[in-house]
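Reader: I would like to learn how to read a model of this kind, feature by feature. Where do we begin?

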Amino acid sequence: MKKGLRIIAGILAAGSVIFWAAAGGNRGWTKTSVPTKIVDQVTGIEGVSYGKHFVPGVDFLGAALIGAGVLTGASFFFRTKPK
Amino acid sequence: MKTKLTTLALIALTSGVFAAPQTFDFKDPKGINNAGFKLDAPLESINGTATAVSGTVSFDPENPGATIGKIVVATSSLMVLNSMQRGHMLGAQWLDAAKFPEISFEAKEFKNVKTEGDTTTADVTGTFTLKGISKELTVPVKLTYMKDKLADRTPGQKGDLLVIRAGFSIKRTDFNVNPGQNEDKVSNTIELTLSIAGASAK
């Protein structure tokens with residue numbers, strides 16, 4: 001159980017860092033939409049349209065690492081079985 | 001001499017008759033008209049736009065200083081990039097979109113009017129209403145009159161366009177937008193911009 005929790009914690013920590021970095025390493029808040037600029041050629045007005053897209057931010061990373069920390073902490077409550 | 005004076009008087013009269021104000025409608029089916037907002041925050045600034053803009057403005061190209069009108073933005077159309085943040089923003093503590101579905105500015109008076117060609121800059125005084133609270137504000141504005149350009153934007157429709165651009169700031173505390181709360185996380189100052197084009201069909 002102890003080992004299992006630590007393995008899961010490790011996977012969660014490493015996985016979240018890799019996912020966050022691969023998604024662009026966004027150092028702001030997590031985004032659930034991304035903006036696209038549209039320019040009206042006649043008036044010159046710049047508008048924005050939004051498309052749904054998940055971009056993990058530091059809050060996502062922080063939550064995943066905290067979760068990994070909690071699992072690791074919980075693992076200390078289990079005794080190592082004697083061989 | 002008498003004939004010349006009569007002719008001149010007639011020309012002056014008819015010029016006055018034809019220089020009538022036009023009504024421009026700012027409802028934009030293309031969704032490009034937008035009001036932007038920005039608030040400073042520690043991690044990153046909160047930026048968003050609202051695209052459900054409507055309203056009408058009465059504008060006379062011969063007398064831009066006499067412009068009046070009202071621009072309305074649907075509160076529910078405000079967008080930010082995080083859906084949870086958007087939910088909080090439209091909720092009861094912040095903008096309370098369910099109870100206050102509209103944000104508006106009603107222009108009443110233009111001062112410091114300067115016109116160069118088709119572009120007019122001025123300071124417009126009017127009533128700004130947010131979350132049910134109305135306050136008189138004076139904001140700088142730029143109007144660009146585009147004669148016979150409606151067909152370029154909307155094929156098949158003849159008419160003129162009027163582009164309005166404005167930028168100003170307000171305080172959350174003045175409009176009961178979660179006053180005095182979270183000021184370390186979300187700035188009390190909200191910077192607003194307006195980039196809209198209205199159409200007057202002929």
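Reader: How many residues does the contact take from chain A and from chain B?

Author: A word on the source before that. This is a predicted model. The general idea is that the size of an interface is often given as the accessible area lost when the parts come together. Here we count residues instead. Chain A gives 16 residues to the contact and chain B gives 19. On the side of chain A that touches chain B, two elements give two or more residues: β1 (31–39) and β2 (46–55) of chain A. β1(A) gives the most, with five residues. By class, that side of chain A holds seven nonpolar, six polar and three charged residues.

Reader: Stay with chain A. At what angle do helix α1 and helix α2 of chain A pack?

Author: Two packed helices are described by the angle between their axes and the distance between the axes. In this model, α1 (residues 2–22) and α2 (residues 58–75) of chain A pack at about 170 degrees. Their axes lie 8 Å apart. Angles over 145 degrees count as roughly antiparallel, so α1(A) is roughly antiparallel to α2(A).

Reader: Which residues make the contact of α1(A) with α2(A)?

Author: From α1(A), they include A:L5, A:I8, A:L12 and A:W20. From α2(A), they include A:F60, A:L61, A:L65 and A:L71. The residues of this contact divide into 14 nonpolar, four polar and two charged.

Reader: Now chain B. What pattern does chain B follow along the sequence?

Author: Count the elements, then read their order. Chain B has three helices and eleven strands. The order is α-β-β-β-β-β-β-α-β-β-β-α-β-β. For its extent, the C-alpha trace of chain B spans about 75 × 35 × 30 Å along its principal axes. Buried residues make up 31% of its 202 residues. Of the contacts in chain B with a separation of 6 or more, 55% are between residues 24 or more positions apart.

Reader: How many bridges join strand β2 of chain B to β3(B)?

Author: Look for the bridges, then the direction. Five bridges join β2 (residues 34–39) of chain B to β3(B), and the strands run antiparallel. A hairpin of six residues links β2(B) to β3(B). B:G36 has B:T49 as its bridge partner in β3(B). B:T49 also has a bridge partner in β6(B), namely B:M79. Two bridges join β3(B) to β6 (residues 78–79) of chain B, again antiparallel. β3 (residues 46–50) of chain B is mostly covered, with four of its five residues buried.

Reader: Over how many bridges do β10(B) and β11(B) pair?

Author: They pair over 13 bridges, in the antiparallel sense. One bridge pair is B:F168 with B:L192 in β11(B). β10 (residues 159–171) of chain B is also joined to β9 (residues 133–146) of chain B, by six bridges in antiparallel fashion. There, B:V141 has B:A166 as its partner in β10(B).

Reader: Last feature. Which residues have the most contacts inside the largest nonpolar core?

Author: In soluble globular proteins, nonpolar side chains tend to be buried together. The largest nonpolar core here has 44 residues. B:L162, B:I164 and B:I196 have the most contacts inside it. The largest share of this core, six residues, comes from β11 (residues 189–201) of chain B. Leaving out residues up to four places away in sequence, B:I196 touches B:F26, B:N33, B:V53, B:I71 and B:I164.

Methods: Residues are numbered from 1 along each chain as its sequence is written. Chains are lettered from A and ligands numbered from 1 in the order in which they are written. This is a predicted model: local features need pLDDT of at least 70, side-chain atom pairs count only at pLDDT 80 or more; totals for chains, interfaces and linings use all residues. A nonpolar core is a set of buried Ala, Val, Leu, Ile, Met, Phe, Trp, Tyr and Cys residues joined through C-beta atoms within 7 Å. A residue is buried if 20 or more other C-beta atoms lie within 10 Å of its own, exposed if 12 or fewer, and partly exposed in between; C-beta atoms are placed from the backbone. Two residues are in contact if their C-beta atoms, placed from the backbone, lie within 7 Å. Ala, Val, Leu, Ile, Met, Phe, Trp, Tyr, Cys and Pro count as nonpolar, Asp, Glu, Lys and Arg as charged, and the others, Gly among them, as polar. Two strands pair if DSSP finds at least two bridges between them. Axes are lines fitted to C-alpha atoms, for helices over the stretch in contact, and angles run from 0 to 180 degrees between N-to-C directions. Angles under 35 degrees count as roughly parallel, over 145 as roughly antiparallel, 65 to 115 as roughly perpendicular and the rest as oblique.
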